[in-house]
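Trainee: I am new to this structure and would like to learn how to read its features one by one. Could you take me through them slowly?

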Amino acid sequence: ISRTQTAVSLWQLPCCRRLTREWLSQPLLRALAACVLSDKALVDYVQQEWLLLNAMKCAAETAKGCAEAIGAAHFVSSFHEVCEAWKQQLEDADAFRPVQCLSSMNRYMGRLNKIAGSADLQHNTDSCSALAQLCAALLPCFHLRCWLGAAVTEETVEELGANSQSTKWLKSIASPMFTAVAREVGLLLEACIQRAESGGTAPNALRTLLAGTYTASLQDEIEVLRQHTLVEAVPEEHRCKSFFCFARTVPPRVLIVAGSDSGGGAGIQADIKSCTMLGAFSTTAITALTAQNSVGVQAIFPVPIDFVQQQMRSVLDDFGTDVVKTGMLATAEIVGAVAAALRADASPAEQWRRILVVDPVMVSTSGHVLLERDAIESVKSKLFPLASIVTPNLPEAQLLLGCGNITTVEAMESVAKDLAAMGPKWVLVKGGHMSQAREEGSTVADDAVITDVLCNGQSGEFLRFTSPRIQTSHTHGTGCSLASSIAALLAAGHTVPEAVHLARDYVGGAIVASAHLKLGSGPQGPMNHSWKLVEW
């Protein structure tokens, strides 16, 4: 094992990056960065570290049999070695006395004890999945402290004073031995995953389980810091400057693979505006150029396939991404090329981590065909199985399924379930076109409300989102904007239901802010994507 792909992938999950920033912003660490943390406050925190250290040692000892079974017996000895060294450095701080365990720390230790006490680890010496889960529970502790130890500069330590409790603690977590055992845990995790997968364990299911364990431990770390009340007030100008300056912060990243709208209301232009407003860094791979305005689409020029792939490679090889969002793909050949690029781009660990939002753009609001008929099957067979969420409107859902008009919310749920059977983890069926689809004499609730339906493809459960219908012609690009907003929010670490809710709020606000605009002479005007910043 020469790399720790899964450990890196867990650390880089959008939700974990968000939690790490939250951890760094806690008062105790802000005070530490500002060099105003009292020894008493630090000692109170280190007391809890002592309790966690003992729980970690016990968990590692329990896992000894499993580690030996996969040829990693050195892990337990290395782990004990660093724990003993850490313990000695903490004892040198003369900080220990009987202490009451915080409820948050008790929960953290309980998680470790539960995993370590599982029947798999106790009795099955070849239970790689259980051992991998234990590693995932331990990793946040080491990741956070290694990063913190590396982030503290010599100037900070000098200002704290050589004999301060803070300096002694920081030096203990900055030691090479501590960093080495953190890597050992990551290597063992990778070895466990490879062994489990070779034994028939579904790789994505295992990594999803590990992500849940890792995230829960990160949340426990934050709660432990929150429960420390003996922290002095920290001036606002001291917001962990040394920590944040040290880090090369990775913002939420979205790669948008879509067509260009010369009118600026939809397509890649709307995607970039939406992602920017919701805090994500956008990169692009343009699939087609369109000549269009508020009247309609006048012409389409598909981009050569090899150049679409080259754009994706250029972005992914350098910036990477958290979420890929697809929009207008135009032809079956481009659909196939995009799917191939997504499959070929990354390692298995990276492919598992990446989120794919598919907006199956097929027909423009003015009626212009944006996806060739033969490409519809390619979207269903090649992109849907890779998708985290797909976001069809009613006409698109009808084309995808070959069904008639969808005129009730119940029918939307049925359609969402049928689409979920094609492979995506979530399906959002948008109901904005419902009034156009309903037949004369319908007894369904009036059209003053728009309902969107979100289906969980794994559980089959539904969520309904409703909002007032806004009477305006400035709705061009709402579908692109909603999908890219969801992508930006997923890249920031939100769950799918949270992202859908917040994205609908943002796009709804843009529509309200655009109701009075005088842009364009056609029936479909653009929106004010920057409504949170400026009023037009």
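Trainee: Where is Leu-533 found?

Mentor: Leu-533 is found in the segment after helix 24 (496–514); helices (H or I, at least four residues) and strands (E, at least two) are DSSP runs, numbered from the N terminus. This is a predicted model, in which local features need pLDDT of at least 70 and side-chain atom pairs count only at pLDDT 80 or more, while totals for chains, interfaces and linings use all residues. Residues are numbered from 1 along each chain as its sequence is written, and side-chain values use heavy atoms, with hydrogens and water left out.

Trainee: Is Leu-533 buried or exposed?

Mentor: Buried means under 20% relative accessible area, exposed over 50%, and partly exposed in between (1.4 Å probe, protein chains only). Leu-533 counts as exposed because its relative accessibility is 68%. By contrast, Leu-42, which is found in helix 4 (residues 39–62), counts as buried at 1% relative accessibility.

Trainee: Which residues form a nonpolar patch with Leu-533 on the surface?

Mentor: Patches are made of residues with over 30% relative accessible area and no salt bridge, where like charges are joined within 9 Å and nonpolar side chains (Val, Leu, Ile, Met, Phe, Trp, Tyr) within 5 Å. Here Leu-519, Val-534 and Trp-536 form the patch together with Leu-533, and the four have about 420 Å² of accessible area together, with areas coming from the Shrake-Rupley method with a 1.4 Å probe and, for residues, only the protein chains shown counting as cover.

Trainee: How many salt bridges does a search of the whole structure find?

Mentor: A salt bridge is a side-chain nitrogen of Lys or Arg within 4 Å of a carboxyl oxygen of Asp or Glu, and the search of the whole structure finds 13. In one of them, the side chains of Arg-107 and Asp-220 meet at 3.5 Å, N to O. This pair links distant parts of the chain, with Arg-107 in helix 7 (residues 103–116) and Asp-220 in helix 13 (residues 203–226), 113 residues apart. Arg-107 is partly exposed, with a relative accessible area of 42%, whereas Asp-220 is buried at 3%.

Trainee: How far apart are the closest N and O atoms of Glu-223 and Arg-226?

Mentor: They are 2.6 Å apart in a salt bridge, and both residues lie in helix 13, 3 residues apart, about one turn of the helix.

Trainee: Which parts does the pair of Asp-359 and Lys-430 tie together?

Mentor: Asp-359 forms a salt bridge with Lys-430, the closest N and O atoms being 4.0 Å apart. Asp-359 lies in the loop between strand 5 (355–358) and helix 19 (373–383), and Lys-430 in the loop between strand 7 (426–429) and helix 22 (434–437), so the pair ties together parts that are 71 residues apart in sequence. Both residues are buried.

Trainee: How many cavities of 30 Å³ or more are found?

Mentor: Rolling a probe the size of a water molecule over the atoms shows where empty space is left. On a 1 Å grid over the protein atoms alone, a cavity is a set of points where a 1.4 Å probe fits but cannot get out, and lining residues have an atom within 4 Å of a point. The search finds 2 cavities of 30 Å³ or more. About 40 Å³ lies in the second largest cavity, and Asp-359 is among its lining residues, which also include Thr-326 and Val-358.

Terms used
On a 1 Å grid over the protein atoms alone, a cavity is a set of points where a 1.4 Å probe fits but cannot get out, and a pocket is an open set with protein on both sides within 12 Å along at least five of seven lines; lining residues have an atom within 4 Å of a point. Grid points are joined across faces, edges and corners, and a volume is the space filled by probe spheres set on the points.
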